[in-house]
Amino acid sequence: MATKKAMEVVKGVDLARYMGRWYEIASFPSRFQPKNGTNTRATYTLKDDGTVNVLNETWTDGKRGYIEGTAYKADPKSDEAKLKVRFWVPPFLPIIPVTGDYWVLYLDEDYQYALIGQPSRSYLWILCRQNHLDDEIYNQLVEKAKEEGYDVTKLKKTTHTNPPPETEDAPADTKGLWYIKSLFGK
């Protein structure tokens, strides 16, 4: 098999501007993720120490599943948008961190939509500030992923409802572990 060229990663991302809520428009499904998960989204909050609080949420049969973690730059001296995301995994004792890569492959100049991948190319996400994305832009992001060596036939669009569910109103889904596993295939 021909070696794939090095993945191109966005440089100079302003983390503060990147914060806030992003909706998952499409992703590579994982056997760990509920097949009927909807309204999947991530909310990022910058902390005083420069790391990022990550809250990932999905809804299954009206119940909210979520996992929280921390993201930080893989190399603080690099201007490439290569982050590490770490989740602490209950209910295993001792609580063990699960760490994965989060590489920003594309981000528009207004920070409205993004393409996220990682070095093994096993996982891919298309994210948007809205819970829907213009087809033309979606197709451009898919094309970009293809150029970076991803098998885009695996992309599956995420179902969203309007208006999006409120975090506070949802009964908790006690299973809660799907997200880490789905993110990093651990």
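Begin by selecting Glu57, which sits in strand β3, where strands are DSSP runs of E with at least two residues and helices are runs of H or I with at least four, numbered from the N terminus. This is a predicted model, in which local features need pLDDT of at least 70 and side-chain atom pairs count only at pLDDT 80 or more, while totals for chains, interfaces and linings use all residues. Residues are numbered from 1 along each chain as its sequence is written, and side-chain values use heavy atoms, leaving out hydrogens and water.

Is Glu57 buried or exposed? Glu57 has a relative accessible area of 0% and is therefore buried (under 20%, with exposed over 50% and partly exposed in between, using a 1.4 Å probe and protein chains only).

Next, select Leu15, Tyr18, Met19, Tyr44, Val52, Val54, Ala71, Leu83, Val85 and Tyr102, which line the second largest cavity. Elements giving two or more residues to this lining are α1 (15-18), β3 (52-60) and β5 (82-89).

Finally, show the whole protein chain, which has three helices and nine strands, arranged along the sequence as α-β-β-β-β-β-β-β-β-α-β-α. Of its 186 residues, 49% are buried. A last view returns to the cavity lining, where a cavity is a set of points on a 1 Å grid over the protein atoms alone at which a 1.4 Å probe fits but cannot get out, and lining residues have an atom within 4 Å of a point.

Terms used. 1 Å grid on protein atoms, 1.4 Å probe; cavity = no way out; pocket = protein on both sides within 12 Å on 5 of 7 lines; lining within 4 Å.
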